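The following exercises concern a two-chain structure.

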Amino acid sequence: MPHVRFTYLLGFAVLAAFLAASAVHAHHGWAWATDEEFEITGVIQSVRLGNPHGEVTIDVDGEEWVVEVGQPWRNDRVGLSAEMLIQGREITVHGHRSAKEGERLIKAERVVINEEDYDLYPGRTS
Amino acid sequence: MIEQALVSVENLAFVSALRNSTYMYPLVNAGHILGISMLVGGIVPLDLRLLGLWRHYPVMVFVDVLRVTSAIGLGFAVVCGVLLFATAAVDYAASLLFQAKMALVLLGVSNALILGRVLKRQDIRSFPMKAPMPFSLRAGAALSLVAWLSALLLGRLLGYF
């Protein structure tokens, strides 16, 4: 039954592809970031808020870093709005850095603007 | 020009509302997944039957039922997918993963349309019960499996790169 054998082969190929894909680093949640608390201060360059989560690009001594802030409800809850994240404003970010070496990406737990705390994850120490 | 059009899509009032929504965005996301699960959940057994599995069940049962559920699933996936695309149109349009995924979806749809015509022309309905499918149909079914599963894979990878 050459057809059936071909079908099984195809099935295995598909399964292998999915297993390979599941090894890809998960981006949501915290698994992709290091466990170490991280802090960085920079100047806001650009902002894109919204689903699935907001992104703030900051300049740190000439280097661009991307800060992941919360999804809309999480940002709204602490009053972190686009009006606050104005280009040129200084921002300090507490959170976790990407575990990928050399990647300048942080997931924020808490940000500080004008000495005011915006704690996106009150349940987490930051 | 295109970039301007994409920016104005992102700025449409209902698109902005969706981008900043608490419940609508995950709901549309769920609708997209529902569509994909109906589409792939139908197309996989249908293609496997055409390839030669389950030959003691009439092929037309698979064709008549699963073609409809898959098409409805595709409809859901496209409608919800267009909405998700609109919330970040510029970024998606520039993504190679997204472009490749769209190419695969187009390939899958055209392949399905051609397969439908071949099914008709070859008069599969009058085939004896356990007859193997003609080569053109088996080739189309294999291409269909590869196209749709790859499109699903690329779609998922989009969220991570």
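**Exercise 1. Strand pairing in chain A**

How many bridges join β1(A) to strand β4 of chain A, and do these strands run parallel or antiparallel?

*Solution.* Begin with the conventions. The model is predicted, so that local features need pLDDT of at least 70, side-chain atom pairs count only at pLDDT 80 or more, and totals for chains, interfaces and linings use all residues. Residues are numbered from 1 along each chain as its sequence is written, while chains are lettered from A and ligands numbered from 1 in the order in which they are written.

Step 1. Two strands pair if DSSP finds at least two bridges between them.

Step 2. Between β1(A) and β4(A) (residues 90-97) there are 6 bridges, and the two strands run antiparallel. Within this pairing, V43(A) stands opposite E90(A).

Step 3. Continue from β4(A) to β5(A): these strands are also antiparallel and are joined by 6 bridges. Here V93(A) faces V111(A) as its opposite residue.

Step 4. Finish with β5(A) (residues 105-113) and β6(A) (residues 116-119), an antiparallel pair with 4 bridges. V112(A) has D117(A) as its bridge partner. The two strands form a hairpin with 2 residues between them, and N114(A) in the turn has a positive phi of about 50 degrees.

**Exercise 2. Backbone features in the loops of chain A**

Identify the residues joined by a cis peptide bond, and state where the proline lies.

*Solution.* Step 1. The cis peptide bond is between N51(A) and P52(A), with omega about -5 degrees.

Step 1. P52(A) belongs to the loop between β1 (38-48) and β2 (55-60) of chain A.

Step 2. Another loop, between β2 and β3 (63-68) of chain A, holds D61(A). Phi of D61(A) is near 50 degrees, a positive value in a residue other than glycine.

**Exercise 3. Helix packing in chain B**

Describe the fold of chain B, and determine how α3(B) and α7(B) are arranged.

*Solution.* Step 1. Chain B has 7 helices and 0 strands. Its C-alpha trace spans about 55 × 30 × 25 Å along the principal axes.

Step 1. The axes of α3(B) (residues 24-51) and α7(B) (residues 135-158) come within 9 Å and cross at roughly 155 degrees. Axes are lines fitted to C-alpha atoms, for helices over the stretch in contact, and angles run from 0 to 180 degrees between N-to-C directions.

Step 2. Classify the angle: under 35 degrees counts as roughly parallel, over 145 as roughly antiparallel, 65 to 115 as roughly perpendicular and the rest as oblique. The two helices are therefore roughly antiparallel to each other.

Step 3. The crossing of α3(B) with α7(B) is left-handed, a term used if the near helix is turned anticlockwise from the far one by less than a right angle (right-handed if clockwise). Residues in this contact include I36(B) and L39(B) of α3(B), and W148(B) and L152(B) of α7(B). Two residues are in contact if their C-beta atoms, placed from the backbone, lie within 7 Å.

Step 4. Apply the method to another pair. The axes of α3(B) and α4(B) (residues 59-87) come within 7 Å and cross at roughly 155 degrees, and these helices are therefore roughly antiparallel. Their crossing is left-handed.

Step 5. Treat α6(B) (residues 96-121) and α7(B) likewise: they pack at about 155 degrees, with axes 8 Å apart. They are therefore roughly antiparallel, and their crossing is left-handed.
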